[in-house]
Amino acid sequence: MQPVLDYLDQNRERFIRELCDYVRFPSVSAQPQHRKDLEACAAWLKNHCESIGLQTRLCSTAGNPIVVAKTPRKPGSKRPHFLVYGHYDVQPPEPFELWKTPPFEPRIEGRTLFGRGSSDNKGQHLAHLNAVEAYLKTGTELPCDITFVIEGEEEVGSSNLGIFLKENQAELACEGIIISDNGIPSLKHPALTYALRGILAIEVILHGPSRDLHSGIYGGSVNNPAMALCQLLAGLRDKNGRITIPGFYDDVVKLSTFEKKQLARLPFNEDAFRKFMGVPELFGEKGFTSVEQRTARPTLEINGLTSGYQGEGSKTIVPSWARAKITFRLVPDQKPDKLRKIVLAHLKKLCPPNVRMEVKSGHGGEPYIVSPTGPQARAAMRALKEAFGHEPVLMREGGSIPIVNDFKKLLKAETLLLGLALPDDNAHSPNEKFDLDCFEKGMRMGAFLWRELAS
Ligand code: BES
Ligand code: MN
């Protein structure tokens, strides 16, 4: 093991340079004009995996290619097989004006690397690649077979990865999946995450008059779709932060006393958290702590709201339509398909007869929960402790990685979530960053992990 750790130390600077190269690709999966950048990014990654000694192929899909890279297999060996999953696509960088320096020109300040995708997710899976590189380049025998599956459509719902898993089920069958695409409370609190929230996305459009109308000549005689939409949305949540859709909470599993205690152990400074988000006061479902609200309770968020004239100055119209993009976060045992029906029926009931409602169904993903006390979880806890030098905590995450449920169904294996992001990494926000200490501790965690998982 020592040569592996020494190799990681000796190649520090190069690893950081390579992460900068990787972050330089504007691999924004949501925006069609970046298609070529995604391909170039995947090609860079394939090259990189080959150069460190992995057997690598680029798998084309109906969308962006998937990179599959395997440690060299020994014929006849009975080593356990693990998958490492990551994504090379990133969220849109907009609004550009809020970035201190351009999102795809990585900048290092002290022990922090700034750039879109640095934390979510390029830096996190690169740490695992570096750990495996250290084994391969020092000739240290790996106690496991490892396959990296790195996709380019996570931020838009992973629809082609699901198909790819079905087509390659036998090759990818494994004992477990490792994902570092989530967070830890601090460098002193490395964590094993045992639950993720699910997601349900919909778009609601209310159509009023067939075109924008003069609001003086016609206003008062037709319903205003923007107003109708506001009223409809406002009715979906009460003043205590509870969602009012009948049946919405039916399948929510209550937190056990044990879990409530575990979550209460997580470090949390309410005032710092409030300031970080820049709000005058926190708000959430009454009767739950902030950590519980964010990780163990379902939510409804309006992600985007558009109607009427948005330009400078005023324009006196009754808009022709109004649109809201909405996502719900789900917790065990809520199911997106069942909730979609419940939500649509309720919206239909609320919609007044003087506008026409159109609902577009978006992506869905089930919540995920796994026992944090199984043998693999305990192995991961040991690797975390050794790499970070602190006792790890158990936590739930509020974000979603829907593909973990496909891994479970199709590969019959559970996922270990070993995040390397810090709470202030600004994922999906301007000035995303990745902490270089997290990067280095992550590599060491990766190195210890294979030994512990095999033992
Ligand atoms: N890495 C995040 C998910 C995440 C963040 C999990 C923090 C746990 C903690 C991932 O890239 C992401 O943003 N996923 C989307 C999924 C959606 C597009 C289906 C999300 O959670 O919004
Ligand atoms: Mn991610």
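## A chat about a predicted model

Modeller: D333 lies in the loop that runs between β13 (321-330) and α11 (336-350). Keep in mind that this is a predicted model.

Biologist: Which residue forms a cis peptide bond with D333?

Modeller: P332 does. The bond from P332 to D333 is cis, and its omega is near -5°.

Biologist: And what is the peptide bond from D120 to N121?

Modeller: That bond is cis too, with omega near 10°. N121 sits in helix α4. For background, most peptide bonds are trans.

Biologist: Is H87 buried or exposed?

Modeller: H87 is buried, at 0% relative accessibility. D120 also counts as buried, at 11%. The cut-off for buried is under 20%.

Biologist: New topic: helix pairs. How do α2 and α3 cross?

Modeller: Helix α2 (residues 12-23) and helix α3 (residues 35-51) have axes that come within 10 Å. They cross at roughly 155°. That angle makes α2 roughly antiparallel to α3.

Biologist: Which residues make the contact?

Modeller: From α2, they are E18, D21 and Y22. From α3, they are C41, W44, L45 and H48.

Biologist: What about α12 and α14? At what angle do they cross?

Modeller: Roughly 140°, for helix α12 (residues 375-388) and helix α14 (residues 436-454). Their axes come within 8 Å. At that angle α12 is oblique to α14. The cut-off for roughly antiparallel is over 145 degrees.

Biologist: Is that crossing left-handed or right-handed?

Modeller: α12 passes α14 in a right-handed crossing. On the α12 side, the contact includes Q376, A379, R382 and F388. On the α14 side, K441, M445, F448 and L453 are among the residues involved.

Biologist: Let's go to α5. Which of its residues are buried?

Modeller: In helix α5 (residues 159-167) they are N160, L161, G162, F164 and L165.

Biologist: And what covers them?

Modeller: The cover includes strands β1 (55-59), β2 (66-70), β3 and β6 (145-151). Helices α6 (169-172) and α13 (403-411) also belong to it.

Biologist: Where is G152?

Modeller: G152 is in the loop between β6 and α5. It is buried, with a relative accessible area of 1%.

Biologist: What is G152 in contact with, leaving aside its neighbours within four places in sequence?

Modeller: Leaving those neighbours aside, G152 is in contact with S29, L38, N64, P65, Y88 and D89. Y135 is 17 residues from G152 along the chain, and their C-alpha atoms are separated by 26 Å.

Biologist: Which residues have a positive phi without being glycine?

Modeller: N426 is one of them, with phi near 60°. H428 is another, at about 70°. In general, most residues other than glycine have a negative phi.

Biologist: Where is N426?

Modeller: N426 is in the loop between β17 (415-417) and β18 (433-435). H428 is in the loop between β17 and β18 as well. N426 is partly exposed, with a relative accessible area of 23%. H428 is partly exposed too, at 43%.

Biologist: Last one, T289. Where does it sit?

Modeller: T289 is in the loop between α9 (270-277) and α10 (290-295). At 44% relative accessibility it counts as partly exposed.

Biologist: What separates the C-alpha atoms of T289 and K122?

Modeller: They are separated by 32 Å, and the two residues are 167 residues apart along the chain.

Technical notes. Residues numbered from 1 in each chain as written. Chains lettered and ligands numbered in written order. Predicted model: local features only at pLDDT ≥ 70, side-chain atom pairs only at ≥ 80, totals over all residues. Heavy atoms only, no water. Buried < 20%, exposed > 50% of the residue type's maximum accessible area, 1.4 Å probe, protein only. Axes fitted to C-alpha atoms, helices over the stretch in contact; angles between N-to-C directions. Helix = DSSP H or I, 4+ residues; strand = E, 2+ residues; numbered from the N terminus. Parallel < 35°, antiparallel > 145°, perpendicular 65-115°, else oblique. Left-handed = near helix turned anticlockwise from the far one by under 90°. Contact = heavy atoms within 4.5 Å.
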